[in-house]
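The sequence and structure come first.

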There are 2 protein chains.
Amino acid sequence: MRIGVFDSGVGGITVLTELRRQLRDSSFVYLGDTANVPYGPKSAQHVERLSVDCALRLKKEGVDAVVVACNTASALALPAIQKAVGKIPVHGVVEPGVQSVANAIALLGSKAAPVLVLATRATIRSRAYGTRLEALLGPQGHPIIEQACPLLVPMIEEGWIDHPILHQTIAEYVGQHVSEHAPGVALLGCTHYPWIRAAFERALPGWEVVDSAQAVAEALGREQFEGAGLRAGRVEWIFTDPHAVPAFARALMEQSVMEPV
Amino acid sequence: MRIGVFDSGVGGITVLTELRRQLRDSSFVYLGDTANVPYGPKSAQHVERLSVDCALRLKKEGVDAVVVACNTASALALPAIQKAVGKIPVHGVVEPGVQSVANAIALLGSKAAPVLVLATRATIRSRAYGTRLEALLGPQGHPIIEQACPLLVPMIEEGWIDHPILHQTIAEYVGQHVSEHAPGVALLGCTHYPWIRAAFERALPGWEVVDSAQAVAEALGREQFEGAGLRAGRVEWIFTDPHAVPAFARALMEQSVMEPV
């Protein structure tokens with residue numbers, strides 16, 4: 001099985017890492033659209049156009065399935081991508097993310113625990129998570145809070161993954177919610193955010209942090225691609241602007257290729 | 001005279017404002033490549049391709065001159081742009097910026113005053129300013145310091161133009177230079193930076209701050225387009241992703257259109 005994974009930049013590597021853990025007999029093509037990162041501030045129309053281009057590029061590489069490892073593209077462009085690639089199955093991160101939140105809420109057992117969705121501006125504007133979560137958990141009394149965090153992707157792409165200014169920026173985004181609500185479940189609704197999971201956990205004391213990268217890999221490992229074996233899958237890397245790959249991601253890619261996950 | 005002005009985003013509006021002050025009988029077409037902002041982290045090859053596309057779009061609009069109101073594009077793509085548009089004159093911001101630094105250094109009269117170039121990662125990597133300034137001022141003993149400030153464009157595009165985190169990020173970029181050098185001349189080598197000129201002045205006490213936006217408008221007003229009259233020129237706005245124009249820039253554009261500058 002050859003699985004194509006794409007993201008606007010290097011964030012999707014967090015999904016790839018999880019997929020390789022779950023699907024040891026598959027091989028992977030990772031496409032990072034570094035020529036167009038970030039997708040978050042772009043319009044829905046433009047994100048759709050770019051996402052379809054990425055999916056068609058992966059189709060040309062002969063993949064058996066496409067994983068949209070980008071919340072912005074998953075939230076805005078999944079139907080267009082599915083239409084463009086025809087019979088090849090397409091998997092986004094939003095639905096697994098929603099399920100993951102629902103599971104965490106059930107485990108918490110608290111009736112009014114709030115859900116805090118953290119994502120890019122385009123994902124929040126699409127209301128992809130908000131609408132689904134309100135339908136699923138709203139009637140049970142869980143407040144659904146949506147917070148756009150537009151500066152985190154640029155900071156992560158800069159390698160500021162444990163920088164005082166990153167911590168302050170996160171505090172700026174979540175501070176008010178933390179003081180207004182009891183702890184609940186926070187969803188990292190951007191595949192860049194698992195790089196800075198520790199920083200989110202620090203800013204959200206007592207909150208359960210779930211991420212869509214892990215969620216999609218678990219969902220796919222369980223439901224879609226049965227018969228996984230033992231070897232770690234090979235990865236081919238494609239970047240639309242190969243000279244614009246952040247140094248910290250290069251280091252991580254090498255590690256990811258060398259290391260049997 | 002119809003002048004085409006382009007930038008990766010809304011930063012070039014600072015150049016446009018200065019141009020309208022200097023050239024009151026001209027009309028303007030402003031092209032903001034908001035579909036591809038920011039240019040700063042992209043590779044030289046990719047910036048060149050995008051810049052040529054912008055210039056050709058302005059040529060199709062029938063402009064008499066092209067002003068590249070983006071330091072990254074000026075530093076990396078001026079020859080390619082000139083070749084693409086043929087006989088239409090093309091003006092970048094780097095050379096006026098360099099001249100402006102030289103003038104400020106002459107006025108300071110201090111023999112060893114340092115020059116601090118602040119710009120995007122791509123502009124700094126190109127060494128467009130560094131090479132020219134070292135040739136011009138290095139032999140006189142002026143240290144030339146180049147500092148990439150990659151997170152400032154995303155913050156400005158977010159409207160964080162007087163935000164505590166912006167001030168801290170600037171301090172992070174310039175702090176070491178301020179403590180290691182006596183005050184000198186700081187060049188804002190990105191057309192977004194004049195929006196946050198006050199923040200730079202606060203972080204650089206005693207330094208003379210010059211900006212390339214003002215420099216290019218002054219140079220063009222003086223040398224290139226003689227015979228300016230009295231009316232404020234009309235502006236047409238084009239954005240490659242019209243839904244991705246920051247709110248603070250929209251407000252400013254309206255002001256700029258309504259107000260006789």
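## The contact

The model is predicted: local features need pLDDT of at least 70, side-chain atom pairs count only at pLDDT 80 or more, and totals for chains, interfaces and linings use all residues. Residues are numbered from 1 along each chain as its sequence is written, while chains are lettered from A and ligands numbered from 1 in the order in which they are written.

Chain B gives 19 residues to the contact and chain A gives 19 residues (contact: C-beta atoms, placed from the backbone, within 7 Å). On chain B, helix H2 (44-60), helix H7 (152-157) and helix H8 (164-180) each supply at least two residues of the side that touches chain A. Helices (H or I, at least four residues) and strands (E, at least two) are DSSP runs, numbered from the N terminus. H8(B) makes the largest share of that side, with 4 residues.

## Helix H8 of chain A

Which residues of H8(A) are buried? They are Thr169(A), Ile170(A) and Val174(A) (buried: 20 or more other C-beta atoms, placed from the backbone, within 10 Å of its own). Their cover includes strand E6 (144-148), helix H7 (152-157) and helix H9 (197-203) of chain A, together with H8 of chain B.

H8(A) bends by about 50° at Val174(A) (the angle between axes fitted to the seven residues ending there and the seven starting there).

Technical notes. Contact = placed C-beta atoms within 7 Å. Buried ≥ 20, exposed ≤ 12 C-beta atoms within 10 Å, placed from the backbone.
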